[in-house]
Amino acid sequence: MAHRVSYRVYYEDTDSLGVVYYANYFKFFERGRSEYLLAKGHDVASLNAAGVNVVVHAVSAKFRKSAGLGDVVDVVTSFGVESAYRGRFSQRVELDGVVLVEADVDVVCTNPEQTLIELPDAIRATAED
């Protein structure tokens, strides 16, 4: 089942038009991924301390509508394993059930030397597929 977390849109999230600046949706997605992992028992700080860095490899996003100042948006996140080395977070930002932005975020893991490593079992186990 997908993980859902809500965030209020603050002034700092918006642009001169009063809507969420497109790049700030990526911040919402980052928070959603962190909360997803935490809900599955793996906070990012602990993974890093264990020598596992979860890094973004590729992003594909579709912007459909904008959220505005004061809106409360939901970030909906699910995760699947694409290969031994790559996972995909499928994410969307919704406002009152309407999809505003959709993104596929491919992640890989590196060790402290920034060498690519296979997805650890702990992360693979969070997959929903």
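These legends go through several close-up views of a predicted model.

Local features here need pLDDT of at least 70 and side-chain atom pairs count only at pLDDT 80 or more, while totals for chains, interfaces and linings use all residues. Residues are numbered from 1 along each chain as its sequence is written, and side-chain values use heavy atoms, with hydrogens and water left out.

**View 1. Strand β3 and its two partners.**
Strand β3 covers residues 72–81. Helices (H or I, at least four residues) and strands (E, at least two) are DSSP runs, numbered from the N terminus. Seven of the ten residues in β3 are buried, where buried means under 20% relative accessible area, exposed over 50%, and partly exposed in between (1.4 Å probe, protein chains only). On one pairing, β3 runs antiparallel to strand β1 (residues 3–8) over six bridges; two strands count as paired if DSSP finds at least two bridges between them. Look for tyrosine 7, whose bridge partner in β3 is valine 73. β3 also pairs with strand β4 (residues 87–95), again in the antiparallel sense, over eight bridges. Here valine 75 sits opposite valine 93 of β4. Follow the chain out of β3 and you go through a hairpin of five residues into β4.

**View 2. The nonpolar core around Tyr25 and Val73.**
The largest nonpolar core has 26 residues, and Tyr25 and Val73 have the most contacts inside it. Such a core is a set of buried Ala, Val, Leu, Ile, Met, Phe, Trp, Tyr and Cys residues joined through side-chain atoms within 4.5 Å. β1, α1, β3, β4 and β5 (98–110) each supply at least two residues of this core, and β5 gives the largest share, with six. Which residues does tyrosine 25 touch, leaving aside neighbours within four places in sequence? They are Val20, Phe63, Lys65, Ser66, Ala67, Val93 and Val101, with contact meaning heavy atoms within 4.5 Å.

**View 3. A nonpolar patch on the surface.**
Tyr21, Tyr22, Phe26, Val56, Val59 and Phe63 make up this patch, with about 550 Å² of accessible area together. The areas come from the Shrake-Rupley method with a 1.4 Å probe, and for residues only the protein chains shown count as cover. Patches are made of residues with over 30% relative accessible area and no salt bridge; like charges are joined within 9 Å, and nonpolar side chains (Val, Leu, Ile, Met, Phe, Trp, Tyr) within 5 Å. Strand β2 (residues 53–63) gives the most here, with three residues. Tyrosine 22 lies in the loop between β1 and α1 (24–39), and its 47% relative accessibility makes it partly exposed.

**View 4. A network of salt bridges.**
Arg4, Asp74, Arg92 and Glu94 are linked in a salt-bridge network. A salt bridge is a side-chain nitrogen of Lys or Arg within 4 Å of a carboxyl oxygen of Asp or Glu, and by this rule the count comes to nine. Arginine 4 reaches aspartate 74 with the closest N and O atoms 3.3 Å apart. Arginine 4 is in strand β1 and aspartate 74 in strand β3, so the pair ties together parts that are 70 residues apart in sequence. Glutamate 94 is buried at 7%, and arginine 92 is partly exposed at 28%.

**View 5. The aspartate 106–arginine 88 salt bridge.**
These two side chains meet at 2.6 Å, N to O. Aspartate 106 is buried at 8% relative accessibility, while arginine 88 is partly exposed at 26%.

**View 6. Two loop residues with positive phi.**
Most residues other than glycine have a negative phi. Aspartate 96, in the loop between β4 and β5, has a positive phi near 55° and is exposed at 73% relative accessibility. Glutamine 114 lies in the loop between β5 and β6 (116–117). Its phi is positive too, near 65°, and glutamine 114 is exposed, with a relative accessible area of 67%.
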